[in-house]
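Open the model in your viewer and keep the sequence panel beside it. The tour goes from one selection to the next.

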Protein chains: 2
Amino acid sequence: MPARPKRATVHDVAEAAGVSSQTVSRVLNERGYVSEDARRRVVEAVERLGYAPNVLGRSLRSTRSPMVGLAVSDIGNPFYARLHRAIEKPLRDAGLSVLLLNCDDDPELEAAQLDLLASYRPAGLVLSPATGTRFSARQVGTFENVVLVSRTIAGLDVPTVVTNETEAFGQAAEELFAAGHRRVAAVLGPEGVSTTRLREAGFRQAVSAGREPVVRYTEGTSAAGRAAMRELLDTGGVTAVLGFNVPVTEGILVAVREAGLHVPEDVSVVGFTDAGWMSAVYPAVTAVSQPVEEMGRLAGELIVAMTRGGRPRETPHLVVPGALVRRESVGPPREGTR
Amino acid sequence: MPARPKRATVHDVAEAAGVSSQTVSRVLNERGYVSEDARRRVVEAVERLGYAPNVLGRSLRSTRSPMVGLAVSDIGNPFYARLHRAIEKPLRDAGLSVLLLNCDDDPELEAAQLDLLASYRPAGLVLSPATGTRFSARQVGTFENVVLVSRTIAGLDVPTVVTNETEAFGQAAEELFAAGHRRVAAVLGPEGVSTTRLREAGFRQAVSAGREPVVRYTEGTSAAGRAAMRELLDTGGVTAVLGFNVPVTEGILVAVREAGLHVPEDVSVVGFTDAGWMSAVYPAVTAVSQPVEEMGRLAGELIVAMTRGGRPRETPHLVVPGALVRRESVGPPREGTR
DNA sequence: CTGAAAGCGCTTACAG
DNA sequence: CTGAAAGCGCTTACAG
């Protein structure tokens, strides 16, 4: 195989243009004064040599890397896939790259992935922390600019972007209780995660006399949602269920199917976080829609602002509203189970 | 805000351990001879100073970066989300990082994203090219180690990992024709993409006397699938449909619902690429399951092997088998439409 | 087994 | 407006 041709450097461009490498740098970075003549010759040489800057050299010297980490628990969860897309855009427009880190909601893997990210000396980190995360005040310093999205960490003074979890989940619960269900289950995520805690609070606020809340904690996956729902159908005596996220809601529906039951005739279901397929099927699934694109955009813009040094006096804690989208998966309980 | 404390470097470690920076480097990279005593002192100093290597410096000097690009058309498409997870694992185990590039199936954006990637001088590129990609033999050289996944580019001599598209899609078509449908539509992806071409070939191979194929090309999104299906329901006179991918299949189901029709009583549907929700709903969706995890693993292993210089004599073209998963979305055509 | 020197590609800080 | 010098953090290539 032929040796790969060596790539052009600033020095090659400088030589071809008859200027110094600093002048090339000035032209490329549009900083400092450069005569029109020199600029023209540099631009022409760049073109001719097919020169493309090496970020490694640039970042090393300037001690400013254009990399921003995005650490999430599962890119297969459409919430995080949408978040990635939404964050990437404003960062790209600001000249920043996103390094996606999949952490499987595992604190060990998260720590390893963040170590990896740290080795790139990134400009920032957007984090949706894993259950039992070890991310702490100490690490905030390592990453300089940190924004938490969706999930938060108690006692950490960093900007956050979240949905009005408690209120929105409470509204979903009320939808089921108000339909006449007495025993309603919330199939939540892992205990100790902020989203589980806040959604559970909303669920409990919807409880009043004669209403019986049932709570199950899960890993937040489809398989876990399915297992929890199977158990609830066997022994829980519930007639309505709230799903923590898209995978859990999917798992709940799988279990209902496998039991030979139907939504909403046998069980009513409300999901948290909307997904395209929920309006593609019979019955269409009632769900709380989160403004994920807005969350991503806000997080991206916060990071951009922070990398530009615009650290505000007050740490921003942005809250975006979820909205219940009523479809067909909620009905009255069967006669006799009421 | 307090100035960020300067991070420790090899020199700091060297000084603390009473050795030279090269010896530190030798210990960290486990290459060359180091006395047990020196090693111990270095390890201890690393620990004490909380030293973590700077990839930028390392990559710049060694001209070997641990970064591998993964360029896909849409991380929101579960196929690519699964692919990312599957590729990331073997690469991480080999000490490589994945930079995910979302290209929106847009050749302009793809070019821009690949330019960005090139600035990191990556060790490799795993690419699922955009429609109308401008990726060419010239660029293969830029990225040194390239593997194409799922979608291929004619005339490019690089390793590929694909499903047996033609055969698997043909089997899905046969499933519908064999159920008694005469006019069957394939809602495909963009014209000119290898997957569209190969799946269409499979579709046409399933056609015989009395069977009428209808083909629609789309952008491959949920919205495009919905629009195509709406048109087919209005004027196409088809009783069965094949969906190109998960988003298109979702869009098809949305259009069926919006028309007040039911699957499979009014229209039979088979999807290409399986998704969790397809077995969570009534009717469960019959689909061709692709071994995405295996594809990702194979692509990752190819990249790892290539970065280690193990370039095989023959360019590998790996083909993995799709499998039709029969569920409930296929039935006989309505009487009278047959 | 170890270190002094050099250099990866770039930009900063300085001097003109 | 421009360039010579230095250095970001690391590893290579060499000499001992």
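**Charges over rings**

Select Arg199(B) and Phe244(B): the charged end of the arginine sits over the ring of Phe244(B), 4.6 Å from the ring centre. Bear in mind that this is a predicted model. Next select Arg257(B) together with Tyr282(A). Here the charged end of Arg257(B) sits over the ring of Tyr282(A), 4.7 Å from its centre.

**The two chains**

Now show chains A and B whole. The same surface serves both copies, as 100% of the contact residues of chain A recur in chain B.

**Aromatic pairs**

Over all chains, the structure holds nine aromatic pairs. Select Phe169(A) and Phe272(A), whose ring centres are 5.6 Å apart and whose planes stand at 50°, so the pair is tilted. Phe169(A) belongs to helix H8 and Phe272(A) to strand S9, so the pair ties together parts 103 residues apart in sequence. Is Phe169(A) buried or exposed? Phe169(A) is buried, at a relative accessible area of 0%, and Phe272(A) is buried with 0%.

Move on to Phe177(A) and Phe203(A), a stacked pair with 6.3 Å centre to centre and 15° between the planes. Phe177(A) lies in helix H8 and Phe203(A) in helix H9, 26 residues apart. Phe177(A) is buried, with a relative accessible area of 4%; Phe203(A) counts as buried at 0%.

**Last stop**

Select Gln139(A) in helix H7, residues 137-143 of chain A. Gln139(A) has a relative accessible area of 15%, so this residue is buried, the cut-off being under 20%. Not counting residues up to four places away in sequence, Gln139(A) touches Leu114(A) and Arg134(A).

Key:
Residues numbered from 1 in each chain as written. Chains lettered and ligands numbered in written order. Predicted model: local features only at pLDDT ≥ 70, side-chain atom pairs only at ≥ 80, totals over all residues. Heavy atoms only, no water. Contact = heavy atoms within 4.5 Å. Helix = DSSP H or I, 4+ residues; strand = E, 2+ residues; numbered from the N terminus. Buried < 20%, exposed > 50% of the residue type's maximum accessible area, 1.4 Å probe, protein only. Phe/Tyr/Trp six-rings, centres within 6.5 Å; stacked < 30°, edge-to-face > 60°. Lys NZ or Arg CZ within 6 Å of the ring centre and 35° of its normal.
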